[in-house]
Amino acid sequence: MSLQNRLKFDSPQPDLLDRAAQPRRKKKGDAILAVVLVIFGLWMIMPIIWMISTSFTVSTEAFTSPPKWLPIPFTFENFADVFDYMPFGQQFFNSVVLAVIQTGGSLLVSVLAAYAFSRIAFPGSGTILVGMLSALMIPAQLVIIPVFIMMRGLHLVDTLAALWLPALINVFQIFFLTQYFKTIPRELDEAAKLDGAGHGWILFRLLLPLSKPALAALAILSFEASWNGYFGPLIFLYSPEKMTLPLGLVTLQNGFGSAPAAVVFAAITMVVIPLLVVFLIFQEQFVESIASAGLKG
């Protein structure tokens, strides 16, 4: 072999050098992406940080310019004043009861309906499901009057039942679980039936354990919708001791003596924290549900 060919053979090839540089470029790109995401993440949570900081400072420092990111002077008085301006404890209890009943009840009804649509063949099942889905295109403001008349006829106005009773039928949850159940092989059902299992065993002992990510995601969405709901409580509730927290916060700012801004921020902080705790508990199942739904199509 000539010296020229030997040098050409021994020198690193361009494609080999490019392959060796790919991991370094990937790490550099991941680092840049991480920095960009951190910047955007901090930008998005800045209002929450400012709100929490303001809730721990005196009212005279609430709207200083530029805003203070550290609560100086620091105080807990705003949180204590919340209970003087509004029945926060009772409204917090009302929101918890409503969120638990609405989330658990709607999931139970949705699970039963989704099992029927996905596993039991009956005449008109497809038509009924399409009809229910078409109801999603109707704004809630258009049906609130007949619902109010119905609740008034049942003597449920100014009660929590007027809010959670109509919410038991959640069309989105029924459709989502129906599609999710269809991704689970029916051979598992047939094997269970050979062992003498009925519909109840198949649903609660077979399908539900395999659907934990989907149930967790729906539980988060339902709890959040109930906890932050304002339109329904505004229509059906008028007694301060029957109100939920979103409606109570509005009356705290505009009524009940018009509380200072720092007190309002303290109340909002106490409202937001439970929702963040619920999300942190179920975030892994929520992400897993979204990922599995994307993989299963």
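Read along the sequence, the protein chain runs α-α-α-α-α-α-α-α-α-α-α-α-α-α, that is, 14 helices and zero strands, where helices (H or I, at least four residues) and strands (E, at least two) are DSSP runs numbered from the N terminus. What I am showing is a predicted model, in which local features need a pLDDT of at least 70 and side-chain atom pairs count only at pLDDT 80 or more, while totals for chains, interfaces and linings use all residues. Residues are numbered from 1 along each chain as its sequence is written, and side-chain values use heavy atoms, with hydrogens and water left out.

Let me begin with confidence. The mean pLDDT, the predictor's confidence in each residue on a scale from 0 to 100, is 82 for the protein chain, and 85% of its residues reach 70 or more. Confidence is lowest in helix 1 (residues 3–10), at a mean of 50, and highest in helix 7 (residues 161–164), at 94. Where pLDDT is low, the predicted coordinates should not be read in detail.

Turning to the chain as a whole, 35% of its 297 residues count as buried, buried being under 20% relative accessible area, exposed over 50%, and partly exposed in between, with a 1.4 Å probe and protein chains only. If we take contacts, meaning heavy atoms within 4.5 Å, between residues at least 6 apart in sequence, 71% of them join residues at least 24 apart.

Next, a pair of helices. At what angle do helix 10 and helix 11 pack? Helix 10 (residues 199–210) and helix 11 (residues 212–227) pack at about 75°, with their axes 5 Å apart, the axes being lines fitted to C-alpha atoms, for helices over the stretch in contact, and the angles running from 0 to 180 degrees between N-to-C directions. Helix 10 is therefore roughly perpendicular to helix 11, given that angles under 35 degrees count as roughly parallel, over 145 as roughly antiparallel, 65 to 115 as roughly perpendicular and the rest as oblique. On the helix 10 side, Leu208, Pro209 and Leu210 meet Lys212, Pro213 and Leu215 of helix 11.

Helix 11 also holds Phe223, which at 15% relative accessibility counts as buried. Not counting residues up to four places away in sequence, Phe223 touches Ala99, Thr103, Leu275 and Val278. Phe223 and Ile101, though 122 residues apart in sequence, are 9.6 Å apart in space, C-alpha to C-alpha.

Gln173 itself sits in helix 8 (residues 171–182) and is buried, with a relative accessible area of 2%. Its side chain makes a polar contact with the side chain of Ser110, at 3.1 Å; a polar contact is a pair of N or O atoms within 3.5 Å, where within protein one must be able to donate a hydrogen and the other to accept it, and residues adjacent in sequence count only if both atoms are side-chain atoms.

Finally, the loops. Between helix 6 (140–153) and helix 7 we find His155, and Asp158 lies in the loop between helix 6 and helix 7 as well. His155, not a glycine, has a positive phi of about 60°, and Asp158, likewise not a glycine, has a positive phi of about 70°. Which of these is buried and which exposed? His155, at 70% relative accessibility, counts as exposed, whereas Asp158, at 6%, counts as buried.
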